[in-house]
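Dear colleague,

Please find below the structure that I am handing over to you, with its sequence. My notes on what was found in it follow directly.

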Amino acid sequence: AELYLQLVRIVHDQNTLKALEFCEINIEICKKTGNTVTEYYTLIEKARCYINLGQNNQAFDIISLLDEKLKASDNHLLLGKFYMLCDYAYSKVENYDVAAQHAFLALKEYTLANDTSGLSRAYYNIALNYDQVGDYKKALESYILSRNYAQVNNEIEIIKDANNNIGTIYD
């Protein structure tokens with residue numbers, strides 16, 4: 001099950017339809033083996049695929065399903081990933097207020113999990129939401145926090161993107 005989840009993450013950007021196929025296979029494997037955590041991670045990836053294909057209704061159906069299933073979860077990494085998915089979904093439909101609410105929920109979960117990589121991504125998404133609504137001061141603060149957390153793990157792409165967006169704000 002973990003192998004298919006990794007395949008989904010690898011091929012997602014190059015071949016979203018293939019990633020969806022791997023998601024379906026993995027969900028079936030997880031159901032047969034009772035691996036609910038990996039199943040939920042796979043459902044998150046499946047929803048991301050639907051968002052990227054512009055099939056938002058299917059993505060929001062999965063989000064609703066996961067929201068119900070994860071209500072009692074104490075898996076902070078899984079919850080962080082779920083809230084990041086929600087942030088992504090709502091930002092794609094330009095509902096930045098709701099997106100930001102989910103990014104802050106992700107931030108809380110990643111803080112509880114002590115996950116600096118998750119924190120860098122959450123702060124980055126928070127910055128993007130502030131950027132979209134024109135609150136450049138808060139966007140700048142969040143980009144700097146994102147970059148600082150990304151430097152802990154040497155996450156070059158986030159560092160580069162945060163620096164680029166900081167420069168754009170000052171431009």
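Lys-46 is buried, with a relative accessible area of 12%; buried means under 20% relative accessible area, exposed over 50%, and partly exposed in between (1.4 Å probe, protein chains only). Lys-46 belongs to helix 3, residues 36–52, where helices (H or I, at least four residues) and strands (E, at least two) are DSSP runs numbered from the N terminus. Leaving out residues up to four places away in sequence, Lys-46 touches Leu-20, Cys-23, Glu-24, Ile-27 and Ile-62; contact means heavy atoms within 4.5 Å.

Please note that this is a predicted model, in which local features need pLDDT of at least 70 and side-chain atom pairs count only at pLDDT 80 or more, while totals for chains, interfaces and linings use all residues. Residues are numbered from 1 along each chain as its sequence is written, and side-chain values use heavy atoms, with hydrogens and water left out.

Helix packing

Two packed helices are described by the angle between their axes and the distance between the axes. Axes here are lines fitted to C-alpha atoms, for helices over the stretch in contact, and angles run from 0 to 180 degrees between N-to-C directions.

How do helix 2 and helix 3 cross? The axes of helix 2 (residues 16–33) and helix 3 come within 9 Å, at a crossing angle of roughly 160°. Helix 2 and helix 3 are therefore roughly antiparallel to each other; angles under 35 degrees count as roughly parallel, over 145 as roughly antiparallel, 65 to 115 as roughly perpendicular and the rest as oblique. The crossing of helix 2 and helix 3 is left-handed, a term used if the near helix is turned anticlockwise from the far one by less than a right angle, with right-handed used if clockwise. On the side of helix 2, the contact is made by Thr-16, Ala-19, Leu-20, Cys-23, Glu-24, Asn-26, Ile-27, Cys-30 and Lys-31. Helix 3 contributes Thr-38, Glu-39, Thr-42, Leu-43, Glu-45, Lys-46, Cys-49 and Tyr-50. By class, the contact of helix 2 with helix 3 has eight nonpolar, four polar and five charged residues. In this classification Ala, Val, Leu, Ile, Met, Phe, Trp, Tyr, Cys and Pro count as nonpolar, Asp, Glu, Lys and Arg as charged, and the others, Gly among them, as polar.

Helix 3 also packs against helix 5, at an angle of about 10° and with the axes 10 Å apart. Helix 3 and helix 5 are therefore roughly parallel to each other, and helix 3 passes helix 5 in a left-handed crossing. The residues of helix 3 in this contact include Tyr-40, Tyr-41, Ile-44 and Arg-48, and those of helix 5 include Leu-78, Phe-82, Leu-85 and Tyr-88. The contact of helix 3 with helix 5 divides into 11 nonpolar residues, one polar and four charged.

The axes of helix 5 (residues 76–92) and helix 6 (residues 96–113) come within 8 Å and cross at roughly 165°. That makes helix 5 roughly antiparallel to helix 6, and the crossing is left-handed. The residues in the contact of helix 5 with helix 6 are 16 nonpolar, four polar and three charged. Among the residues that meet there are Gly-80, Tyr-83 and Met-84 in helix 5, and Ala-99, Ala-103 and Tyr-110 in helix 6.

Aromatic pairs

A pair of aromatic rings is described by the distance of the centres and the angle of the planes. Rings of Phe, Tyr and Trp (its six-membered ring) pair if their centres lie within 6.5 Å; planes under 30 degrees apart count as stacked, over 60 as edge-to-face and the rest as tilted. By this rule there are five aromatic pairs. One of them is the tilted pair of Phe-82 and Tyr-83, at 5.5 Å centre to centre and 50° between the planes. Phe-82 counts as buried at 2% relative accessibility, and Tyr-83 is buried at 16%.

Ala-122 is found in helix 7 and counts as buried at 0% relative accessibility. Apart from its neighbours within four places in sequence, Ala-122 is in contact with Met-84, Ala-103, Ala-106, Leu-107 and Tyr-110.

Glu-94, in the loop between helix 5 and helix 6, has a positive phi of about 60° although it is not a glycine. Glu-94 counts as exposed at 59% relative accessibility. Asn-114, in the loop between helix 6 and helix 7 (116–132), is likewise not a glycine and has a positive phi of about 55°. Asn-114 is exposed, with a relative accessible area of 64%.

With kind regards
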